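This briefing covers strand pairing, helix packing and aromatic contacts. Please read it alongside the sequence and the coordinates.

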Amino acid sequence: MLEKILKKIKSENLIENGDKIVLGFSGGPDSVFLLEVLKKLKKELNFEFVLAHINHLFRGKNSDGDEEFSLLSGEKIGIPVFIKKASMEEIAKEKGIGLEEAGRIIRYEFFSEVLEKINGNKIAVAHNLDDQIENFLFRLIRGSSLEGLEGIQNRENIIRPINETYKSQILNYLDVNKIEYRVDETNFENDFTRNSIRLDLIPFIEERYNTNFKDKVHNLIEEIKEVNEILKIDLKKYKVLKNEKVVLNIDLILKEEDYIQRKIINEYFKEFSLESSREKIINVIKLFQSSGSKNIHLEKNFILKKEYKNIWIEKENIDKFESINIDLLQKIPFKIKVNDYILETVEDQKSFGKNEFLTNLKIGDIVEIRCRKDGDRIKPLGMSSYKKVKDILINEKIPKEIRGTIPLIVKENEIVWIAGVKKSENFKCEKNEKGIKLIIRRQDEE
C-alpha cells in the first residue's frame, strides 16, 4: 500500500526535489500515517518538511495531550514543530459560523502562516478516501453542482497525498507496525453533519443495500472527474473589459447550452473560492433575463453584480466609489481634483472624444461643479429637447455605483456637460472658433 502511495506522489509530482512542505499534523491516525509516508519518501527525494499543529482548546486535557504528542513526534525525527492555540468556539461565535467551518479557517490560516515563515511552497493535509466519500455525500445532500462532487481536490499549493487510501487501510498499517497515534473522541459523536454521515448513513447503506457502497461512490467520483475534465471551461472566452473591469458577458454565455452555462458560472465561483450549489447557480442564470441592475449576496462578503449585459463578483466592502456631495464654484481656467477625476480647462479650437468638450464658455466665466441631483436635465448635443440626466446615465449603461460620482459642469443653473458622458447643445462652440475645452480624466491617468 505504501509503495502505491509513493508511486502516486511521484507520478503526479505532488512532491518534488527542493520542496519545503508544511504537514498539517493533528496526531490522529491519518496525519501520523502521512508522516510515515513522508519519512519513507525522503529516502528517495530531497525535500524538507515541518509539522504544524493546532490546539483547538476544545477537548481540555486531551487537546493538550495531542499537542504534546505532536511535539514529541517532531523531536523523534529532528524536524521543527509549530504550535498554535486557538479556540474554535470563540471564532465560531465571532464570525457567526459553525464549529467545523471555524476549525477549518483556523487550520488553513495557520498552515499558511507557517508556510511563509519557512519560505515553503506546499501544504500537505491528510484527507483519506473515506473523507472524500463523506464529502461527496455531504455535498450531494446539500445540492452541489457536478463540479462540487469531484471530492476534495489538490489545489494551488495544497496537496493530499493519501486521498485514495481508505481509513481502514491506514489503521491496519499503523496497528500492524505498532505505530502510536492519538484518538479524537469527538469523531465518534454525531453532533456534526459529516460525523453523522460517517457513523450513521454509510454503515446503514452498507448493511442494508451494498457492502461495497464506498467503492461504488469512489468509482462515481472518478467518472465525474473525467467528465468534468472533458467539459472543462475556458472562462477567457466569456470575459470582456467593461469600464476598466473584467466581467463575464451574458450574451456570450447564452450562446452555450444550458448545462455549459451552469458550468461557466460554477467555474467563475471557483475563481473566488466560493461554494457553488445548483440553487445558487440557477439564481445567477435567472438574472440573465432580468432588466437593469441586480445583486446577489454571496458568502465571505462577496457580491455578484449584474449591470445590463455583464456580471462580475467583488467584495462588498471594496466599492471605492461613493456619492460625494460636491458643490464648487470655479473660475475658468482651472485644474482641480473631483472624486476620482481630474477636471481641467484650456483654450483650444478642437476637441476629441467623450472626455473632451469644446464649449462657448470664456476665460473668467464662473461655473459650478457638482454631482447630479434629482430632476437634473440637459439638452444633449444635436437635440432640441431636454433629457433627464438620470435617464441618460441609464441609457449610456453607466454602472449604478458610479453614477453619483460623475461631475456635472453647470453655468447659471444650466448643465454644460455631464463630464465624459453627454455634452450640451446650448454650450457647443461654433466650428473653427476658439473656445474653452473641458477635459476629464481619471486621477490614475495623471
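**Strand 21 and its partners**

Strand 14 (residues 356-359) pairs with strand 21 in the antiparallel sense, over four bridges. The model is a predicted one.

- Y341 has R442 of strand 21 as its bridge partner.
- Strand 21 (residues 435-442) is mostly covered, with eight of its eight residues buried.

- Five strands make up an open sheet with antiparallel pairing, in the order 6-7-10-9-8.
- Strand 6 (239-242) and strand 8 (293-297) are at the edges and have a single partner strand each, so one side of each lacks a neighbour in the sheet.
- On average, neighbouring strands of this sheet are turned by 35 degrees against each other, direction ignored.
- Strand 7 (residues 245-249) and strand 10 (residues 310-315) run antiparallel and are joined by two bridges.
- L248 stands opposite I311 in strand 10.

**Helices on the sheet**

- Helix 11 (residues 258-271) packs on the sheet and touches strand 6, strand 7, strand 9 (302-307) and strand 10. The direction of helix 11 makes about 25 degrees with that of strand 10.
- Helix 12 (residues 278-287) packs on the sheet as well, touching strand 8, strand 9 and strand 10. The direction of helix 12 makes about 170 degrees with that of strand 8.

**Aromatic pairs**

- The structure holds eight aromatic pairs.
- One of them is F33 with Y173, edge-to-face at 5.4 Å centre to centre and 80 degrees between the planes.
- F33 lies in helix 2 (residues 29-41) and Y173 in helix 7 (residues 167-176), so this pair ties together parts 140 residues apart in sequence.
- F33 counts as buried because its relative accessibility is 0%, the cut-off being under 20%.
- F272 and F302 form another edge-to-face pair, 5.6 Å centre to centre with 65 degrees between the planes.
- F272 is in the loop between helix 11 and helix 12 while F302 is in strand 9, so the pair ties together parts 30 residues apart in sequence.
- F272 is partly exposed at 23% relative accessibility, whereas F302 is buried with a relative accessible area of 11%.
- Y268, F272 and F302 form one aromatic cluster.

**Charges over rings**

- The charged end of K42 sits over the ring of F47, 5.2 Å from the ring centre.
- The charged end of K280 sits over the ring of F269, 5.6 Å from the ring centre.

Key:
Residues are numbered from 1 along each chain as its sequence is written. This is a predicted model: local features need pLDDT of at least 70, side-chain atom pairs count only at pLDDT 80 or more; totals for chains, interfaces and linings use all residues. Side-chain values use heavy atoms; hydrogens and water are left out. Buried means under 20% relative accessible area, exposed over 50%, partly exposed in between (1.4 Å probe, protein chains only). Two strands pair if DSSP finds at least two bridges between them. Axes are lines fitted to C-alpha atoms, for helices over the stretch in contact, and angles run from 0 to 180 degrees between N-to-C directions. Contact means heavy atoms within 4.5 Å. Rings of Phe, Tyr and Trp (its six-membered ring) pair if their centres lie within 6.5 Å; planes under 30 degrees apart count as stacked, over 60 as edge-to-face and the rest as tilted. A charge sits over a ring if NZ of Lys or CZ of Arg is within 6 Å of the ring centre and within 35 degrees of the ring normal.
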